[in-house]
Amino acid sequence: MTKKTKIIIALLVLLNLALMTFLYLGKMEHNRIAGKPNAVIIEKLGFDDGQIKEYQALIQVHAEDSRRIFREIGKSKNALYKDASKDNAHINDSIAEAIGNKFKELEAIHFDHFVGIRNLCKGDQIAKFDELSSELQSIFNMRSKPQRRNRH
């Protein structure tokens with residue numbers, strides 16, 4: 001190998017290491033924030049101790065309501081798939097519509113939760129929340145998602 005080839009290989013290795021380090025550190029930062037969307041909200045809005053307590057109560061109610069809806073969706077899906085071998089389109093359509101309505105209800109719960117967070121804000125926190133509102137979807141979707149299995 002020539003000296004020029006060795007230099008090019010060394011530069012490529014260094015570039016590769018730099019890129020891998022950059023990606024790893026970016027993933028670490030993502031994971032640090034990803035598990036704690038509530039901490040991001042508290043930090044970005046600058047909640048005081050009283051607001052944090054009220055926010056935690058909102059989180060509790062939101063979690064309970066969301067779990068209830070997910071249980072209801074699960075029951076409806078079980079009913080739908082239980083009779084998959086039967087050709088009863090009317091019943092399947094009504095169950096599917098009920099599932100859709102539950103998802104609609106879930107979105108209303110999410111929306112009410114965010115309105116509740118905004119209502120906790122005081123003074124300049126309201127403007128901060130309004131700025132943050134465009135990021136809410138990404139903040140709450142940063143949590144790691146389960147890997148999809150191959151389905152055949």
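Let's start with helix 2 and helix 5: residues 37-45 form helix 2, residues 124-132 form helix 5, and their axes come within 9 Å and cross at roughly 135 degrees. An axis here is a line fitted to C-alpha atoms, for helices over the stretch in contact, with angles running from 0 to 180 degrees between N-to-C directions. So helix 2 is oblique to helix 5; under 35 degrees would count as roughly parallel, over 145 as roughly antiparallel, 65 to 115 as roughly perpendicular, and the rest is oblique.

Before I go on, this is a predicted model, where local features need pLDDT of at least 70 and side-chain atom pairs count only at pLDDT 80 or more, while totals for chains, interfaces and linings use all residues. Residues are numbered from 1 along each chain as its sequence is written, and side-chain values use heavy atoms, with hydrogens and water left out.

Okay, back to that crossing. Which residues of helix 2 and helix 5 meet? From helix 2 we have Ile41, Lys44 and Leu45, and from helix 5 they meet Gln125, Lys128, Phe129 and Leu132. Contact, by the way, means heavy atoms within 4.5 Å. The residues of this contact divide into four nonpolar, one polar and two charged. For those classes, Ala, Val, Leu, Ile, Met, Phe, Trp, Tyr, Cys and Pro count as nonpolar, Asp, Glu, Lys and Arg as charged, and the others, Gly among them, as polar.

Staying with helix 2, its buried residues are Pro37, Val40, Ile41, Ile42 and Leu45. Buried means under 20% relative accessible area, exposed is over 50%, and partly exposed is in between, using a 1.4 Å probe and protein chains only.

Now, the overall picture. The protein chain has six helices and zero strands. Both are DSSP runs numbered from the N terminus: H or I with at least four residues for helices, E with at least two for strands. Of the chain's 152 residues, 20% count as buried. And if you take contacts between residues at least 6 apart in sequence, 69% join residues at least 24 apart.

Next stop, Leu120, which you'll find in helix 4, residues 89-120. Is Leu120 buried or exposed? It counts as buried, because its relative accessibility is 10%. Leaving aside neighbours within four places in sequence, Leu120 is in contact with Phe47, Gln51, Glu54, Tyr55, Leu58 and Gln125. Take Tyr55: Leu120 and Tyr55 are 65 residues apart in sequence, but C-alpha to C-alpha they're 7.5 Å apart in space.

Two of those partners bring us to the aromatics. Searching the whole structure turns up one aromatic pair. That's Phe47 with Tyr55, edge-to-face, 5.8 Å centre to centre and 70 degrees between the planes. The rule is that rings of Phe, Tyr and Trp (its six-membered ring) pair if their centres lie within 6.5 Å; planes under 30 degrees apart are stacked, over 60 edge-to-face, and the rest tilted. Phe47 and Tyr55 are both buried.

Last, a couple of histidines. His113 lies in helix 4 and is buried, with a relative accessible area of 6%. Not counting residues up to four places away, His113 touches Tyr55, Leu58, Ile59 and His62. His62 sits in helix 3, residues 49-82, and is buried too, at 18%.
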